[in-house]
Amino acid sequence: MRPHPRNPGMPCIGPRHPAAGPPAIVRGVEDALAESESERQTDHTRIEVRGELDLDTIHVLAEALTAADGPVVIDLHRVTFADCTLVHALLGALPHHELTLTDRVPTQVHRLLDATGTRHRFTFFPAA
């Protein structure tokens with residue numbers, strides 16, 4: 001596992017290059033670097049995340065999690081890059097929310113959760 005280019009203490013999981021697309025898109029939140037889609041369902045808030053999640057962009061997911069009430073379902077299937085900042089944001093939300101990830105998690109995110117020993121902390125369920 002190679003170190004993260006801007007934070008050598010964190011592992012870098014997955015490809016990261018200019019052709020990878022825009023950083024962290026969490027649809028709905030207005031931000032110059034990212035956007036997020038937070039949608040209140042009848043019994044939970046659904047957050048869909050796209051793009052790259054790293055130290056520069058994780059604030060968008062963190063803000064969406066802070067704004068959510070009650071249980072939260074996070075769809076990460078369009079994440080193209082993630083480092084330990086994603087794990088930190090998800091773990092930070094656990095005390096405040098019943099957090100569930102859809103089962104459409106990219107392989108590189110599964111590897112990140114395995115590498116950090118945190119996969120067991122999350123509940124996965126089939127995406128709609």
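## Salt bridges around Glu48

Arg46 pairs with Glu48 in a salt bridge, with the closest N and O atoms 3.4 Å apart; the term covers a side-chain nitrogen of Lys or Arg within 4 Å of a carboxyl oxygen of Asp or Glu. This is a predicted model, where local features need pLDDT of at least 70, side-chain atom pairs count only at pLDDT 80 or more, and totals for chains, interfaces and linings use all residues. Residues are numbered from 1 along each chain as its sequence is written, and side-chain values use heavy atoms, leaving out hydrogens and water.

Glu48 also meets Arg78 in a salt bridge, at 3.5 Å from N to O. Glu48 sits in strand S5 (residues 45-53) and Arg78 in strand S6 (residues 72-83), so this pair ties together parts 30 residues apart in sequence. Strands here are DSSP runs of E, at least two residues, and helices are runs of H or I, at least four, numbered from the N terminus. Glu48 is buried at 5% relative accessibility, while Arg78 is partly exposed at 40%. For those labels, buried is under 20% relative accessible area, exposed is over 50%, and partly exposed is in between (1.4 Å probe, protein chains only).

Zoom out, and Arg46, Glu48, Asp75, Arg78 and Arg104 are linked in a network of salt bridges. The whole structure has 5 salt bridges. One of them joins Arg119 to Asp114, with the closest N and O atoms 2.8 Å apart. Arg119 is partly exposed at 31%, and Asp114 is partly exposed at 45%.

## H2 against H3

Helix H2 (residues 84-93) packs on helix H3 (residues 107-115) at about 70°, with the axes 10 Å apart. That makes H2 roughly perpendicular to H3, a label for angles of 65 to 115 degrees. Cys84, Leu86 and Val87 from H2 meet Val109, Leu112 and Leu113 from H3, where contact means heavy atoms within 4.5 Å. By class, this contact has 6 nonpolar, no polar and no charged residues.

## The nonpolar core

The largest nonpolar core has 27 residues, and Ile74, Leu86 and Leu99 touch the most other members. Such a core is a set of buried Ala, Val, Leu, Ile, Met, Phe, Trp, Tyr and Cys residues joined through side-chain atoms within 4.5 Å. H2 gives the most, with 6 residues. Leaving aside neighbours within four places in sequence, Ile74 contacts Ile47, Val49, Leu65, Leu90, Leu99, Thr100, Leu101 and Thr102.

Key:
Axes are lines fitted to C-alpha atoms, for helices over the stretch in contact, and angles run from 0 to 180 degrees between N-to-C directions. Angles under 35 degrees count as roughly parallel, over 145 as roughly antiparallel, 65 to 115 as roughly perpendicular and the rest as oblique. Ala, Val, Leu, Ile, Met, Phe, Trp, Tyr, Cys and Pro count as nonpolar, Asp, Glu, Lys and Arg as charged, and the others, Gly among them, as polar.
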